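Me: I'd like to walk through this model with you, one question at a time. Could we put the sequence and structure up before we start?

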Amino acid sequence: MLWPDKFQNKTNGVTPRRWIRFCNPYLSDIITNWIGTEDWVLNTEKLAELRKFADDEDLQSEWRAAKKKNKLKVVSLIKERTGYTVNPDAMFDIQIKRIHEYKRQLLNILGIVYRYKKMKEMSASEREKAFVPRVCIFGGKAFATYVQAKRIVKFITDVGSTINHDPEIGDLLKVRSLLLCILDMLVLIMFSADNLHNPSLKSDISVLWKWIHIL
């Protein structure tokens with residue numbers, strides 16, 4: 001760079017004391033117990049000590065149990081918001097972003113349509129072998145005058161209505177669309193996702209944290 005002092009960039013970051021210790025107490029307790037200290041909260045290099053326990057079945061069991069507890073919270077949230085119950089043992093495939101053409105919600109829902117079409121072409125036994133149960137969760141809202149984004153929202157809800165009421169598919173595939181408040185977003189993002197569609201998650205989380213303090 002010709003003028004290193006002239007142009008500077010400050011990227012919003014995330015810290016383990018906020019996004020593990022504060023947001024995910026179940027996982028934090030496991031990490032502290034296995035490392036033997038809470039120093040990892042201030043020194044992330046300490047997390048490397050978990051590597052030697054990576055194949056330990058007890059650690060793996062505790063880790064899965066923590067994820068299950070977090071997913072059960074999301075099951076309760078979905079039940080409260082939509083009236084529907086989802087399978088906590090399913091894969092939670094989550095995308096929470098402002099609805100926008102470049103945020104890829106359209107690409108995501110088209111992928112779900114493709115998966116649904118493939119399922120319908122199979123017998124029940126073939127579906128059970130080829131697919132794991134999946135709950136696809138969309139969160140976010142469209143800008144008031146953004147017509148195309150609102151069309152994407154409608155498409156997501158229409159696809160969800162078709163899939164969710166198909167008795168042949170059952171719990172193998174569900175689509176839930178939620179208009180979420182900020183804290184609900186944090187629960188879904190940090191606690192329960194098995195697969196997360198967020199190309200700019202770090203900056204989004206930092207913005208959410210600032211809004212929490214404002215609220």
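**Helices, contacts and cores**

Me: Which helix is Asn-108 found in?

Reply: A friendly note to begin: this is a predicted model, where local features need pLDDT of at least 70, side-chain atom pairs count only at pLDDT 80 or more, and totals for chains, interfaces and linings use all residues. Residues are numbered from 1 along each chain as its sequence is written, and side-chain values use heavy atoms, with hydrogens and water left out. Helices (DSSP runs of H or I, at least four residues) and strands (runs of E, at least two) are numbered from the N terminus. With that numbering, Asn-108 is in helix H4.

Me: Does Asn-108 count as buried or exposed?

Reply: The scale is relative accessible area with a 1.4 Å probe and protein chains only: under 20% is buried, over 50% is exposed, and in between is partly exposed. Asn-108 has a value of 13%. Asn-108 therefore counts as buried.

Me: Leaving aside neighbours within four places in sequence, which residues is Asn-108 in contact with?

Reply: A contact means heavy atoms within 4.5 Å. With its neighbours within four places in sequence set aside, Asn-108 touches Gln-95, Phe-138 and His-197.

Me: How are H4 and H6 oriented to each other?

Reply: Axes are lines fitted to C-alpha atoms, for helices over the stretch in contact, and angles run from 0 to 180 degrees between N-to-C directions. For H4 (residues 105–120) and H6 (residues 147–164), the axes come within 10 Å and cross at roughly 20 degrees. Angles under 35 degrees count as roughly parallel, over 145 as roughly antiparallel, 65 to 115 as roughly perpendicular and the rest as oblique. H4 and H6 are therefore roughly parallel.

Me: How many nonpolar, polar and charged residues does the contact of H4 with H6 have?

Reply: From H4 come Gln-105, Leu-106, Ile-109, Leu-110, Ile-112, Val-113 and Tyr-116, and from H6 come Ile-152, Phe-155, Ile-156, Val-159, Thr-162 and Ile-163. Ala, Val, Leu, Ile, Met, Phe, Trp, Tyr, Cys and Pro count as nonpolar, Asp, Glu, Lys and Arg as charged, and the others, Gly among them, as polar. By class, that contact has 11 nonpolar, two polar and no charged residues.

Me: Leaving aside neighbours within four places in sequence, which residues is Ile-112 in contact with?

Reply: As a general background, nonpolar side chains tend to be buried together in soluble globular proteins. Ile-112 is one of the residues that touch the most other members of the largest nonpolar core. Beyond four places in sequence, Ile-112 is in contact with Cys-136, Phe-138, Ile-163, Leu-173 and Val-175.

Me: How does H2 lie relative to H3?

Reply: The axes of H2 (residues 25–35) and H3 (residues 57–82) are 9 Å apart, and the two helices pack at an angle of about 165 degrees. That makes their arrangement roughly antiparallel.

Me: How do the residues of the contact of H2 with H3 divide by class?

Reply: H2 brings Tyr-26, Leu-27, Ile-30, Ile-31, Asn-33 and Trp-34, while H3 brings Asp-58, Leu-59, Glu-62, Trp-63, Ala-66, Lys-69, Asn-70 and Lys-73. They divide into eight nonpolar, two polar and four charged.

Me: What is the separation of the C-alpha atoms of Leu-47 and Ile-35?

Reply: Leu-47 is in the loop between H2 and H3, and at 25% relative accessibility it counts as partly exposed. Among its contacts beyond four places in sequence are Ile-31 and Ile-35. Leu-47 and Ile-35 are 12 residues apart along the chain, and their C-alpha atoms are separated by 7.7 Å.

Me: What is the phi of Arg-104?

Reply: Arg-104 lies in the loop between strand E1 (91–96) and H4, and it is partly exposed, at 48% relative accessibility. Although Arg-104 is not a glycine, its phi is positive, at about 80 degrees.

Notes:
Core = buried A, V, L, I, M, F, W, Y, C linked by side-chain atoms within 4.5 Å.
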